[in-house]
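Open the model in your viewer and keep the sequence panel beside it. The stops below say what to select next and what is there.

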Amino acid sequence: MNTKNKYELSLILYLSNEDYQKTIDSILAQDSEMTDVQLIIAESDTVKTDKEYIENIKQQYPENVVVCPEKYSTVQQAYKSAFKYTDGKYINFAECGCIYSQRAFSGIMEFFSINGDDEYIAVLRCSKSTKTENAAEINRRIPAKPKIINLKEKYNIPFIFFHNCFISSKLNINLSCDFETNELYFAKILADLFRQTNNLGIVKNAFVEPYQAERFFLKFYEDLRYSADETKKFGNDFLSAITKSYKDSFGFIPKYIQYNLLVFIEWCVNAPGAENIIQKAFILDDFKKILFDILNEIDDSIIIENSRLQLAHKYFLMKIKYGCSPDSVVQSQRKKLFFQNTKICDVSNNLTTIEFVTLTENMLTIQGRAKFIGCDQEDFSIFALVNKTDVVECQDIHHAYDTFIWTENVYPGMSFKVEIPLDENTDVYKIEFFSKHKGDVIKRNNIRFGKFSPLASNVRNCYYYSGRHIMRFNNSNSTITVEKATAFSKFKSELKYLKTLAGIKDDYAKHAFLARIMYRLMKLFHRKQIWLISDRTNRGDDNGEAFFKYMQTVKNNKIKCYFVIDKNCEEGKRISKIGKTISTNSKKHKLYHLLSTYVISSQANNPVVNPFLRGNIYYRDILCKNRFVFLQHGVIKDDLSSWLNIYNRNMFGFVVTTNPEYESILNYNYFYSPKEVWLTGIPRMDFLYNNEQKYITLMPTWRKSLMTHPDPVTGIWLIRDDFKESKYYKFYNSLMNDERLLKAAKEYGYKICFKPHPNIDPYINMFDKNENVIFMDAEKNYRDIFAETNLLLTDYSSVAFDFAYLRKPIVYAQFDREEFFSGAHSYTEGYFDYERDGFGEVEYNLEDTVNCLIDYIKNDCKPKEKYLDRINKTFAFSDKNCCERVYKKLLESNENK
């Protein structure tokens with residue numbers, strides 16, 4: 001052992017959350033001797049710790065465990081203070097809540113023993129048990145085989161996760177940089193360390209299971225989003241400071257640091273709302289100057305070869321670096337763009353996406369989108385060339401396919417439509433796409449097919465039959481072929497496609513092989529239409545169930561209706577008493593999805609629109625004929641076009657309730673026509689009723705920024721580990737436990753109730769329960785809640801429209817308005833102004849919210865005339881015939897099929 005260090009390893013653990021015992025227990029359970037390990041514990045001033053547990057650890061290992069005498073409010077303060085106690089050869093800044101594998105420490109010590117006592121940074125891979133996409137991403141960055149990487153030679157590795165690192169004490173660990181955003185703080189420390197060493201060690205068979213894997217790397221923009229000061233620091237004290245430190249040390253920026261600077265610069269040009277964040281911090285031109293200075297220190301090859309950057313980002317950064325547009329060279333219907341001697345792209349390979357195809361006996365209609373880099377909107381157009389001779393101009397539908405970076409349209413695009421007549425005297429049509437790009441005619445070689453198209457460019461032998469024609473795509477020459485079909489050619493095409501599926505080593509393809517055979521057989525005998533109706537995978541009580549109930553009263557022997565829900569859940573058992581049900585994601589569900597005429601739902605997530613997940617690519621020729629009717633989860637008052645637009649969801653029927661809502665769908669970038677937007681009212685409003693029980697119900701919507709990702713099978717969102725630290729949690733937890741509110745409610749005979757959004761409902765027990773507050777769980781249906789509630793408090797939720805339909809008072813609590821509409825959630829503000837159009841008062845803090853609720857309680861929760869007038873002017877219908885109008889729309893569409 002080196003006499004300068006008492007221990008082999010020193011671990012600093014900041015107790016930033018309540019799962020610290022998991023980490024400490026894994027440290028004590030190592031297969032190495034504890035005498036080789038020093039544990040330094042720094043406590044947070046906001047986390048309650050088990051004093052007895054910590055004291056026992058300290059008594060058990062008095063020589064090895066240090067507990068800092070103070071408590072700290074930030075990780076930066078804790079690290080600086082705790083670092084003074086380190087006496088190990090190699091230092092690790094442990095993540096609170098992480099779990100080290102049993103041989104993690106022996107693996108680290110073995111690594112340093114084999115490779116010598118040198119200035120290394122050694123890194124642990126994430127354990128295989130960590131089932132998150134971001135942990136897998138970290139492992140992809142870290143080579144699987146144990147070795148020492150010389151970062152001069154292998155530079156294209158983004159900064160590894162700081163908490164996975166064990167750092168030689170010979171290196172100068174600079175903890176003085178001060179960022180509120182932890183990810184920037186950790187990255188700055190690593191940047192300083194790699195200025196001192198080029199050696200990165202990969203440790204064999206030693207792992208760590210991270211605590212917050214979903215927040216790994218480049219999630220820091222969520223924190224920057226709300227802080228102008230931190231954004232300034234990001235530009236000046238992070239990007240510029242790292243550049244300067246390396247220039248001062250070496251006279252140049254090593255490629256490894258160039259690569260990582262570019263990873264962080266990616267945020268500047270790619271993160272949602274980045275321009276607005278930067279603009280808040282200081283004027284955009286200043287940030288461009290910072291980028292100009294940095295990019296001039298970065299090699300062109302680092303920018304062009306970076307797989308993390310899209311073409312638009314590369315083009316934009318190169319324009320900033322060179323301060324001009326690229327030069328071009330045209331040859332053989334190809335056009336290449338250059339910045340000096342560096343090729344940025346071949347324009348022929350700019351993306352063309354075929355989104356929708358309609359094939360009838362005498363017409364082929366193709367609707368798609370095309371991108372054009374290196375020119376303005378007025379300088380490009382697109383046309384189809386048929387059989388090498390006939391030019392068919394494409395109709396320009398709109399230019400909402402542009403890629404803006406900051407204020408510049410870097411990668412303009414257009415949505416186009418082309419109609420190609422099919423003559424019965426012509427047996428084969430070969431269709432190619434070309435564009436005019438600043439006057440130059442360029443072949444479109446990069447043809448892809450969108451998820452609603454009938455073909456897939458990366459699946460051999462796929463085909464589409466419709467209107468007595470078969471359509472195919474030849475990927476090698478980017479040509480679409482349409483030829484007359486016979487019964488034999490149809491059978492041969494399907495047989496050839498099934499043979500292809502049988503040869504693909506993919507479970508999805510194997511399932512598709514069998515499902516397509518079953519589909520073809522059942523199609524021969526199924527004469528009735530199948531309508532699949534649903535709400536969420538594990539519950540009803542929404543517009544789907546309301547419409548399903550209505551359909552039980554309809555006598556139409558040409559239609560068979562099924563409700564899709566998990567049959568094993570309580571809701572599934574309940575709804576099975578109403579009518580026939582199919583279990584979500586079952587084989588029958590998937591088969592009936594293929595056979596269905598309509599898929600009708602209040603939801604628009606994968607379990608509803610795509611139960612095949614990645615395997616849907618093998619059914620595109622069938623699925624493109626399906627009709628998805630969106631009953632909605634409520635009334636749209638914000639701009640949800642980024643999610644519900646035609647290219648993302650492709651709705652056959654888009655049900656709306658109010659006139660302003662109808663106009664917003666047509667005028668915003670949803671791209672639907674009046675044919676698809678159905679002003680009928682949502683079905684559940686037919687079943688609303690009144691039965692007041694003197695309830696004041698708190699019913700907020702969810703926050704996407706507080707969740708990690710939805711489960712790909714169930715669609716249920718997983719919550720972030722730091723949920724309890726959020727403004728959202730603190731506001732509603734404080735509101736439902738406010739003494740003044742509870743006292744007033746009790747005095748006037750009211751009860752406070754809490755009904756969270758279904759995405760938050762699985763985590764309802766995280767809130768502090770008060771005996772005077774009723775927690776309404778998933779079993780309590782919304783119709784009864786609306787009936788029994790005298791006053792509703794919500795925030796941005798569309799449930800306010802259901803409640804307003806009953807002419808009852810509403811209060812909006814919008815304490816996080818700026819954050820909510822910043823892009824962190826799926827909402828963008830739309831036509832609905834809460835102050836101008838809302839059905840009740842809008843409050844922006846806890847105290848005003850409580851005061852407003854108490855005022856209503858004292859006045860027996862009577863609605864105010866001002867808001868009643870707004871309600872009466874909002875709704876297109878109040879006759880409780882919404883289900884009937886939806887049904888008639890569906891029948892009308894059948895007749896026009």
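Select helix α9, residues 255–270. Helices here are DSSP runs of H or I with at least four residues, strands are runs of E with at least two, and both are numbered from the N terminus. At 1.5 Å a residue, the 16 residues of α9 should span 22 Å. The expected span is 1.5 Å times one less than the number of residues. The end C-alpha atoms of α9 are 22 Å apart, which agrees.

Now show the surface around α9. Of its 16 residues, 14 are buried, so the helix is mostly covered. Buried means under 20% relative accessible area, exposed means over 50%, and partly exposed lies in between (1.4 Å probe, protein chains only).

A word on the model: it is predicted, local features need pLDDT of at least 70, side-chain atom pairs count only at pLDDT 80 or more, and totals for chains, interfaces and linings use all residues. Residues are numbered from 1 along each chain as its sequence is written, and side-chain values use heavy atoms, with hydrogens and water left out.

Next, pick S168 in strand β8, residues 165–168. S168 is buried, at 1% relative accessible area. What is S168 in contact with, leaving aside neighbours within four places in sequence? The list is K89, Y90, D118, E119 and Y120. Contact means heavy atoms within 4.5 Å.

Move on to the open sheet of 3 strands, in the order β10-β11-β12, with antiparallel pairing. Two strands pair if DSSP finds at least two bridges between them. β10 (327–331) and β12 (342–346) stand at the edges with a single partner strand each, so one side of each has no neighbour in the sheet. From one strand to the next, the twist averages 30 degrees.

Zoom in on β10 and β11 (residues 334–339): 5 bridges join them. D327 stands opposite F338 in β11. Axes are lines fitted to C-alpha atoms, for helices over the stretch in contact, and angles run from 0 to 180 degrees between N-to-C directions.

Last stop: cysteines. The structure holds 0 disulfides, a disulfide being a pair of cysteine sulfur atoms within 2.5 Å. Select C165, which is buried at 0% relative accessible area. Its closest cysteine sulfur, in C126, is 11 Å away, too far for a bond. C624 is in no disulfide either; the nearest cysteine sulfur, that of C462, is 11 Å away. C624 is partly exposed, at 23%.
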